[in-house]
Amino acid sequence: MMESLRENTELFWKKIWVDLFAENDFLIKTLGTSLLGVSFWLLLNSILLVIDLTGCPNWLYKYKIQEKKNSPADREKVLDALKTGITNLLLINLFFSVITYPFTRWWGALHTTGPLPTFGELVMQFFFFRIIEELGNYYGHRILHMPQFYKYHKKHHEWTAPIGIVSLYCGPVEHFFGNIFPVATGPYVFKSHLLVGWVWSLLVLFSTTVEHSGYHIPFLFSAEGHDYHHKTFTSWYGTMAFLDVLHGTDRPFSATVHGKRHFISCTLTPVKETVPESCCKVE
């Protein structure tokens, strides 16, 4: 079954590579990558934006982490965040792809020909991609919170109660070094196929959108940690927890009710009901 899926994926890739981009390596790695990212991000966030702007369906608000914040969201602020996200995905991502293109050709990363990895190889690559991204994300985030560098991160923290599109609401310097580099490093190191790099980047876009959504959505990973970070500007700088625990930056968050709610909810009952505020410190 897995081999059949792999063969079908290779056929699908060949149609993109040959029919859509006419085997133009530069075009597919640069423009193709940017267009894929912005299309996926807009599609994903269009669902959340309907809720954030209209308040409908209102039953979803029971999953909102910061109640009565951005309910509904300010339309001018939303438009500004939307423009910023699109600019980052189209222009800054494109710029990064163009200037690193000679390196990918020389190093053999993001190659467009050759066999796709087996399922086991793919899982292994994604595992290490995630670790590499977390290292870059956590330490880069800590650096951006240092006084001498916070000016590059301040824009992102204008939203103390984030929504999905805030995931890419930042200046070009932060997006280039803080967002793109940690995500791109893994596929570059492992000399991954371009399709693997694409799938990985879409997974990251999905992850960061959920983290900034402002909702603790059942059956998805919790957004409590990053939402708390936006609310307080301190604590919980990473996403996987192990570096926050290692450096003690999890403690303020873990002591609150939000920390106790930071788990994958496997029921439709809101975590605010399963873990009420009376159980611990509230912030």
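Predicted model: local features only at pLDDT ≥ 70, side-chain atom pairs only at ≥ 80, totals over all residues.

Modeller: Residues are numbered from 1 along each chain, and side-chain values use heavy atoms, without hydrogens and water.

Biologist: What makes two rings a pair?

Modeller: Rings of Phe, Tyr and Trp (its six-membered ring) pair if their centres lie within 6.5 Å; planes under 30 degrees apart are stacked, over 60 edge-to-face, the rest tilted. The count comes to 24 aromatic pairs.

Biologist: Why is the pair of Phe177 and Phe181 called stacked?

Modeller: The centres are 5.9 Å apart and the planes 10 degrees apart. That angle is under 30 degrees, so the pair is stacked. Both residues lie in helix α5 (residues 172–189), 4 residues apart.

Biologist: Why is Phe177 called exposed?

Modeller: Its relative accessibility is 53%. Exposed means over 50%, buried under 20%, partly exposed in between (1.4 Å probe, protein chains only). Phe181, at 34%, is therefore partly exposed.

Biologist: What makes the pair of Tyr228 and Phe253 tilted?

Modeller: The planes are 50 degrees apart, with 5.3 Å centre to centre. Tyr228 is buried at 3%, and Phe253 is buried at 1%.

Biologist: How do you know that a charge sits over the ring of Trp107?

Modeller: NZ of Lys or CZ of Arg must be within 6 Å of the ring centre and within 35 degrees of the ring normal. The charged end of Lys191 sits over Trp107, 4.1 Å from its centre.

Technical notes. Helix = DSSP H or I, 4+ residues; strand = E, 2+ residues; numbered from the N terminus.
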